[in-house]
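Here is a short briefing for a reader who is new to this structure. Take a look at the sequence and the model, then read the points below.

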Amino acid sequence: MTWEKELFWKKAAEFHGHICPGLAIGFRACEAAAKKLSLEFSSDEEVVCITENDACGVDAIQVILGCTAGKGNLIFKDRGKQAFTFFRRDTNQGIRVVFKGFAENRSREENLQYILEAPLDEIFEYKEPKDKVPNMARIFRSLKCENCGERAAEHRVRILDGKFLCLDCYEDYSRGWGR
């Protein structure tokens with residue numbers, strides 16, 4: 001992929017709705033991953049991103065690399081970290097891109113400019129993925145909840161007293177174990 005910085009930044013900002021340092025982090029993480037793994041826009045599930053946050057930068061990843069929750073190639077593993085793991089399915093290569101953080105003495109605008117202009121190696125650490133390449137997305141049957149009547153994917157249905165129940169109707173009995 002030819003990294004067309006201005007075009008991609010404009011697309012990310014239009015999709016996100018405003019310009020901010022968080023969007024810039026995701027934008028530059030895409031640039032780093034694209035360069036390290038020779039990534040192209042993912043029209044299906046060729047590229048996978050496991051994001052460790054649900055913040056602004058995730059919008060850049062959707063627009064630039066084509067990773068979306070609906071296609072199943074954007075996976076949220078929210079740890080509150082500005083960290084993103086990218087995989088290429090065809091080669092099984094992956095990289096975890098971790099933002100090093102902001103200098104405390106800079107303004108929001110200075111942080112934005114820093115992220116957009118600094119060398120990638122200065123703003124990110126590159127690590128081995130913590131995860132393996134996720135399986136391709138699956139399509140599950142929908143089962144009717146025997147309490148509310150709404151349909152839910154079968155892997156999200158629970159059985160209680162012989163009845164199929166959606167997660168909203170199921171009364172959990174873990175008592176805190178296994179959490």
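UniProt, in an unreviewed entry, places the feature "domain: Zinc finger DksA/TraR C4-type" at residues 138–175. UniProt positions follow the numbering used here, feature names are shortened, and annotations may be inferred rather than shown by experiment. The span 138–175 is 0% helix and 32% strand, and its end C-alpha atoms lie 31 Å apart. Helices (H or I, at least four residues) and strands (E, at least two) are DSSP runs, numbered from the N terminus.

This is a predicted model, in which local features need pLDDT of at least 70, side-chain atom pairs count only at pLDDT 80 or more, and totals for chains, interfaces and linings use all residues. Residues are numbered from 1 along each chain as its sequence is written, and side-chain values use heavy atoms, with hydrogens and water left out.

**Salt bridges**

- Side chains of opposite charge can pair when their charged atoms come close.
- The whole structure holds eight salt bridges. The term means a side-chain nitrogen of Lys or Arg within 4 Å of a carboxyl oxygen of Asp or Glu.
- Glutamate 154 pairs with arginine 141 in a salt bridge, with the closest N and O atoms 3.2 Å apart. Glutamate 154 sits in the loop between strand 7 (151–153) and strand 8 (158–160), and arginine 141 in the loop between strand 5 (124–127) and strand 6 (142–144), so the pair ties together parts 13 residues apart in sequence.
- Glutamate 154 is partly exposed at 30% relative accessibility, while arginine 141 is exposed at 53%. Here buried means under 20% relative accessible area, exposed means over 50%, and partly exposed is in between (1.4 Å probe, protein chains only).
- Glutamate 31 and lysine 35 form a salt bridge too, at 3.1 Å from N to O. Both residues lie in helix 2 (residues 21–37), four residues apart, which is about one turn of the helix.
- Glutamate 31 is buried at 4% relative accessibility, but lysine 35 is exposed at 52%.
- Arg28, Glu31 and Lys35 are linked in a network of salt bridges.
- Lysine 127 and glutamate 125 form another salt bridge, at 4.0 Å from N to O. Lysine 127 is partly exposed at 35% relative accessibility, and glutamate 125 is partly exposed at 35%.

- Strand 1 runs antiparallel to strand 3 (residues 83–88), joined by five bridges. Strands pair if DSSP finds at least two bridges between them. Valine 47 stands opposite arginine 88 of strand 3.
- Strand 1 also pairs with strand 2 (residues 74–76), in the parallel sense, over three bridges. Cysteine 49 stands opposite leucine 74 of strand 2.
- From strand 1 the chain passes through helix 3 (residues 57–65) to strand 2, in a right-handed β-α-β crossover. Right-handed means that, with the strands pointing away from the viewer, the path from the first strand over the helix to the second runs clockwise.

**Alanine 12**

- Alanine 12 lies in helix 1 (residues 5–16). Alanine 12 is buried, at 0% relative accessibility.
- Leaving aside neighbours within four places in sequence, alanine 12 is in contact (heavy atoms within 4.5 Å) with Leu23, Ala60, Val63 and Ile64.
- Alanine 12 and aspartate 59 are 47 residues apart in sequence, yet 6.8 Å apart in space, C-alpha to C-alpha.
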